[in-house]
Amino acid sequence: MYNCIRQIVPGFFMLLYLVYAQECNITVYDNLSEKVKIADCSKRDFSEVPQSLPRDITVLDLSGNKFRHISNYSFENYSLLLNLSLAKNKLHIIEEHAFYGLSRLKFLNMADNILNLRYVYTPEMFLPLQNLINLDIRRNIPNQPTVDVYHYPDQAFVVLKKLEYLALDMAPNPIFGIGFQGLNYLKSLTFEFCF
């Protein structure tokens, strides 16, 4: 009887893994001799980052879900990610070590959330993202800011040494700190929701 249970249990876990992974569409294709594995988990009503996806995914689309909060180490199982979309959620909190393990990430889209530009973004949060080249955080200011002067979190962005494209909202009376001078590879700075 013990051997029978031992053989059934691993099969059960494998079946569970496949069923869970099927909640997201997993697609694999070759792109210039490179394998790209995409997990399309968009519009699935997730409120937490799924942890049972294949660990070798390179693209993870979590847009259009119900995320309000991203916890520390939420993506550590997905260290091969190159592209991550958290757009069109209801995100307002991202913990300081949420992106831990994503040193290969190149594209991060967090547009269309309610992330307060002044308080959410910290250097510690972006520190793991040393290869990030594209950051989209537009459409996160739901209405006109009530402050007279708006300080952009330049010290959070300065750790993104390879950043080429930055898209964000334009607040009234903006102050861009000295940290923006450290973005030596920045090619495009796009503003949206200009107040």
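My entries below go through the sheet and then the salt bridges.

**Entry 1: the model.** I noted at the start that this is a predicted model.

Entry 2: I found an open sheet of eight strands, running 1-2-3-5-7-8-10-12, with mixed pairing. Which strands stand at the edges? They are strand 1 (25-31) and strand 12 (188-192). Each has a single partner strand, so one side of each is left without a neighbour in the sheet.

**Entry 3: one pair of strands.** I reminded myself that strands of a sheet pair through backbone hydrogen bonds, either parallel or antiparallel. Then I picked strand 5 (residues 83-85) and strand 7 (residues 107-109), which pair in the parallel sense over three bridges. In this pair, L84 stands opposite L108 of strand 7.

**Entry 4: salt bridges.** How many salt bridges does the structure hold? I wrote down eight. I went through some of them in turn.

**Entry 5: D56 and K37.** These two form a salt bridge, and their closest N and O atoms are 3.0 Å apart. D56 sits in the loop between strand 2 (34-40) and strand 3 (59-61), while K37 is in strand 2, so the pair ties together parts that are 19 residues apart in sequence. Is K37 buried or exposed? K37 counts as buried because its relative accessibility is 14%, and the cut-off for buried is under 20%. D56, at 25%, counts as partly exposed.

**Entry 6: E192 and R139.** Here the closest N and O atoms of the salt bridge are 2.8 Å apart. The pair links distant parts of the chain, 53 residues apart: E192 belongs to strand 12, and R139 to the loop between strand 8 (134-136) and strand 9 (150-151). Both came up as partly exposed, E192 with a relative accessible area of 24% and R139 with 22%. I then saw that E192 and R139 belong to a network of salt bridges that also links D112, D136 and R138.

**Entry 7: K187 and E164.** Their side chains meet in a salt bridge at 3.5 Å, N to O. K187 lies in the loop between strand 11 (174-175) and strand 12, and E164 in the loop between helix 3 (154-157) and strand 10 (165-169), so this pair ties together parts 23 residues apart in sequence. K187 counts as exposed, at 61% relative accessibility.

Technical notes: Residues numbered from 1 in each chain as written. Predicted model: local features only at pLDDT ≥ 70, side-chain atom pairs only at ≥ 80, totals over all residues. Heavy atoms only, no water. Pairing = 2+ DSSP bridges. Helix = DSSP H or I, 4+ residues; strand = E, 2+ residues; numbered from the N terminus. Salt bridge = Lys/Arg side-chain N within 4 Å of Asp/Glu carboxyl O. Buried < 20%, exposed > 50% of the residue type's maximum accessible area, 1.4 Å probe, protein only.
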